[in-house]
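Work through the exercises below with the sequence and the structure side by side, and try each task before reading its solution.

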Amino acid sequence: FSGFAYSMGEPEGLIQMIQPDKSLKAETQRFRLQPMHDDEPAAQLDGTIVTLQGRLMEATYGFTSQIIGILPERCRPQREIRCLAPLLRRSKDEDMGQCDIADQSIALTLKTDGKITVHGGNVHLVDQKGNMRILPQKKRGILSLDGIHFYVGNDTAPVEVSNSLQKSDDQQITDEKKKEILQIFAPQIRNTAVACRQGSIVLLEGSLNWVSSRPLNTKQAIATLPKGFWPRRRETFFARGRQEERRRVDIDVFGRIFCPEGADRGSDGGGYVDLSGVIFIRSTSPPKGKPLDPEYDDLRLQCNRTVVDVASSSFKGHELLEKFIRRCNAYEWKLLHHTMAAQAGRTMMTLGVG
């Protein structure tokens, strides 16, 4: 449940929804974005943290970015926030109690001028061989703004990229013409990651961008939080990559940031990950001990290589099963449970006959 946060109380102000042009045809206006009447989108200011809430009625989101609303003046971010918002769908299963299910995510961006933009475009599907694929496809569902948060205070500290990874800011291009062409067709994304603090709550905003001649090792730390911004326990989040793709981000008790499932790679061989949306409770005391290696994750280093892996030796498809468990929904899990129960029943009947 890392990253789930909400505020209690009355909202600061409603989000101004963007209405379509009146000159559009009636067929187009039927698909405009409309707020839920019983849960209108709003923003709430709690100290120096702004939390969004509310939902939009079911709609289809395509590949291009579209503006859905404008934040109140007192609830606008100091820097651009790029995060993920859940896309809900109505459950038809009686056992789920007709509750909404979040089985997709959508890219959401908060501009400094208060504009809120969203765009879909990619879905995560598993093919027949069990491989996870990201395919361009329109998304449809109920957009939920619950839990979207950002910081408007001044208690911040920069998040530095690890010394083993070269900052993209430090990459110099001597050819002036090449610089101009790159700024037009491939503008340089600078490191803007900062750690924000309000009491015991820590928020991360901005992005990490680096250039490396070698591919990123998934055990390697890409950055380290400043002291005083470390979590009490290891935390796991899902953040945005260069586009809408979800990227896993882990932060251990020593403030080190990892991408266990890899990071987006650019044409220059570098990496990119956005930290906006990360929120946790900071630790008030330093962690016990030291990491086994200052640049690599302790989770993998603690594994004893001499011990035989029972899963890999007894079941050759354990990796396929692990991928399925990570991304399956309630329907697929019940189908698997039913199939395994039926198979077990047939096996017992066969053994009884023998």
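## Charged pairs in a predicted model

At 2% relative accessibility, Glu-205 counts as buried, and this residue belongs to a model that is predicted.

**Exercise 1.** Find the salt-bridge partner of Glu-205 and state which parts of the chain the pair ties together.

*Solution.* Begin with the distance: the closest N and O atoms of Glu-205 and Arg-79 are 2.5 Å apart, and a salt bridge requires such atoms to lie within 4 Å. Next, locate the two residues: Glu-205 lies in strand 18 (residues 201–205), whereas Arg-79 is in the loop between strand 6 (66–70) and strand 7 (81–90), so the pair ties together parts that are 126 residues apart in sequence.

**Exercise 2.** Decide whether Glu-80 and Lys-111, which form a salt bridge, are buried, partly exposed or exposed.

*Solution.* First recall that buried means under 20% relative accessible area and exposed means over 50%, with partly exposed in between. Glu-80 has 38% relative accessibility and therefore counts as partly exposed; Lys-111, at 29%, is also partly exposed. The closest N and O atoms of this pair are 3.3 Å apart.

**Exercise 3.** Describe the salt bridge between Arg-55 and Asp-39, including where each residue lies.

*Solution.* The closest N and O atoms of Arg-55 and Asp-39 are 3.5 Å apart. Arg-55 sits in the loop between strand 4 (49–53) and strand 5 (59–61), while Asp-39 sits in the loop between helix 1 (26–29) and strand 3 (42–46), 16 residues apart. Finally, Arg-55 has a relative accessible area of 16%, so Arg-55 is buried.

How values were computed: Residues are numbered from 1 along each chain as its sequence is written. This is a predicted model: local features need pLDDT of at least 70, side-chain atom pairs count only at pLDDT 80 or more; totals for chains, interfaces and linings use all residues. Side-chain values use heavy atoms; hydrogens and water are left out. A salt bridge is a side-chain nitrogen of Lys or Arg within 4 Å of a carboxyl oxygen of Asp or Glu. Helices (H or I, at least four residues) and strands (E, at least two) are DSSP runs, numbered from the N terminus. Buried means under 20% relative accessible area, exposed over 50%, partly exposed in between (1.4 Å probe, protein chains only).
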